[in-house]
Amino acid sequence: MNPQWTVRGRRDRVSLRVRRRAAFVACALAALCLVVLLASLLTGQFSISVPGVLRALAGEGTLQQRYFVNDVRLPRVLTALLVGAALGTSGAIFQSLSGNPLGSPDIIGFNGGATAGALVCIIVLHDSSLLVTGSGAVAGGAAVAVLVYLLAYRAEVTGYRLVLVGVGMNALLGAGIAYLLSRAELTDSLNAQIWMVGSLNGRSWDEVWILLVVLALVLPAAMALSRPLLTLELGSDSAVSLGLSVHSVRRWAIALSVLLSAASIVAAGPISFVALAAPQIAKRLARSVGPSLVVSTLTGSCLLAIADLVSQRVFPAAQMPAGIATIVLGGLYLGWLLLGELRRGRA
């Protein structure tokens with residue numbers, strides 16, 4: 001039985017191979033995202049029935065229903081889904097590029113650079129608007145990405161050197177962030193520390209629209225890199241012999257990963273472990289050899305939306321930030337990963 005479908009365009013000028021298992025997994029994850037979205041709209045301290053949610057979405061129903069559905073719950077869950085998608089895609093790109101399951105933006109330092117750039121705007125410039133912090137996050141992430149790339153570059157950039165340099169850069173950024181917080185005014189320091197936890201509380205349609213624009217521009221370009229990244233995993237020499245522009249693919253991959261990470265940080269603060277865990281979970285679900293970007297994107301959406309839903313419903317009074325829930329999930333994931341390595345005799 002053929003495990004793939006081949007979709008051909010008119011006159012066979014364009015063909016696309018789709019693995020059946022990956023397609024089924026992607027459909028299942030998309031359905032799970034819809035279930036989580038519906039559960040987020042229905043449940044809470046003010047419960048709303050399915051007909052009530054539908055009426056509120058149509059602009060009808062009571063004032064309370066319209067407020068909770070359209071102004072509170074829907075922007076929050078959409079932000080969770082979009083931020084998770086950005087992180088899942090960014091993590092898949094960079095893990096494929098580095099050839100290392102630890103090669104995610106929050107480990108390598110890209111998230112740290114974007115966080116530092118945003119904190120400079122909040123603490124030094126005293127401006128926490130989305131436009132200014134977004135510009136700072138993109139600038140910080142891009143600066144760190146260029147620096148890591150240059151420090152890791154010799155004859156070529158290897159995944160091992162990229163991860164090693166990135167981990168060191170992440171430690172330096174952590175020290176810089178701690179220094180910024182120690183020198184900040186009390187109000188700015190408290191606001192920054194709350195933001196750094198990574199939270200979806202109080203998210204509005206502004207964050208949703210920003211994420212939609214960024215993902216609409218970046219995701220198609222990221223998906224177009226799937227095949228070049230798969231070729232690059234064969235090794236630089238093999239990729240060059242197949243006619244691939246290795247340096248160009250690496251630069252584009254890093255640029256797209258930084259943009260996705262920066263957009264997620266601006267919308268929800270630094271959310272840990274989603275970019276690390278989503279690609280590995282997606283690869284095991286789809287049983288794919290190379291990067292499965294579509295499945296990783298949907299896995300990231302599911303992970304963050306479920307983590308936020310659990311944090312809201314398990315701790316309704318405290319409103320635990322989603323970033324703390326993802327750290328707990330990430331710790332469990334790393335423990336499971338280490339246990340698997342011990343069973344294989346690799347650790």
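Let's start with one residue. Pro101 has a relative accessibility of 37%, so it counts as partly exposed. Here, buried means under 20% relative accessible area, exposed means over 50%, and partly exposed is in between, with a 1.4 Å probe and protein chains only. Residues are numbered from 1 along each chain as its sequence is written, and side-chain values use heavy atoms, without hydrogens and water. This is a predicted model: local features need pLDDT of at least 70, side-chain atom pairs count only at pLDDT 80 or more, and totals for chains, interfaces and linings use all residues.

Back to Pro101. It sits in the loop between helix 3 and helix 4 (105–108). Helices (H or I, at least four residues) and strands (E, at least two) are DSSP runs, numbered from the N terminus. Which residues does Pro101 touch, not counting those up to four places away in sequence? They are Gln95, Leu276 and Gln280. Contact means heavy atoms within 4.5 Å. The C-alpha atoms of Pro101 and Gly91 are 9.2 Å apart, and the two residues are 10 apart along the chain.

Now the whole protein. There are 15 helices and 2 strands. Of its 347 residues, 48% are buried. Take the contacts between residues at least 6 apart in sequence: 70% of them join residues at least 24 apart.

Next, the core. In soluble globular proteins, nonpolar side chains tend to be buried together. A nonpolar core is a set of buried Ala, Val, Leu, Ile, Met, Phe, Trp, Tyr and Cys residues joined through side-chain atoms within 4.5 Å. The largest one here has 87 residues, and Phe110, Ile123, Ile254 and Val295 touch the most other members. Helix 3 gives this core its largest share, 14 residues.

Look at Ile123. Beyond its neighbours within four places in sequence, it contacts Leu180, Leu181, Ala184, Asp188 and Ala192.

On to helix 5, residues 110–124. Its 15 residues reach 21 Å from first C-alpha to last, close to the 21 Å expected. The expected span is 1.5 Å times one less than the number of residues. Is helix 5 enclosed or open? It is largely enclosed by the rest of the structure, because 13 of its 15 residues are buried. Cys121 is buried too, at 7% relative accessibility. Just after helix 5, His126 has a positive phi of about 55°.

Helix 6 covers residues 130–152. Its 23 residues should span 33 Å, and its end C-alpha atoms are 32 Å apart, which agrees. Its buried residues include Gly134, Gly136, Gly140 and Gly141.

Another positive phi turns up at Phe273, about 75°, although it is not a glycine. Most residues other than glycine have a negative phi. Phe273 lies in the loop between helix 12 (246–268) and helix 13 (274–286). At 19% relative accessibility, Phe273 is buried.

What about links between side chains? The whole structure has 1 salt bridge, meaning a side-chain nitrogen of Lys or Arg within 4 Å of a carboxyl oxygen of Asp or Glu. It joins Arg76 and Asp308, with the closest N and O atoms 2.8 Å apart. Arg76 lies in helix 3 (residues 63–98) and Asp308 in helix 14 (residues 293–314), so the pair ties together parts 232 residues apart in sequence. Arg76 and Asp308 are both buried.

How many disulfides are there? The count is 0; a disulfide is a pair of cysteine sulfur atoms within 2.5 Å. Cys302 is buried, at 4% relative accessible area.

Last stop, Leu303, in helix 14. This residue is partly exposed, at 24%. Leaving aside neighbours within four places in sequence, Leu303 contacts Ala278 and Ile281. Leu303 and Leu81 are 222 residues apart along the chain, and their C-alpha atoms are 8.6 Å apart.
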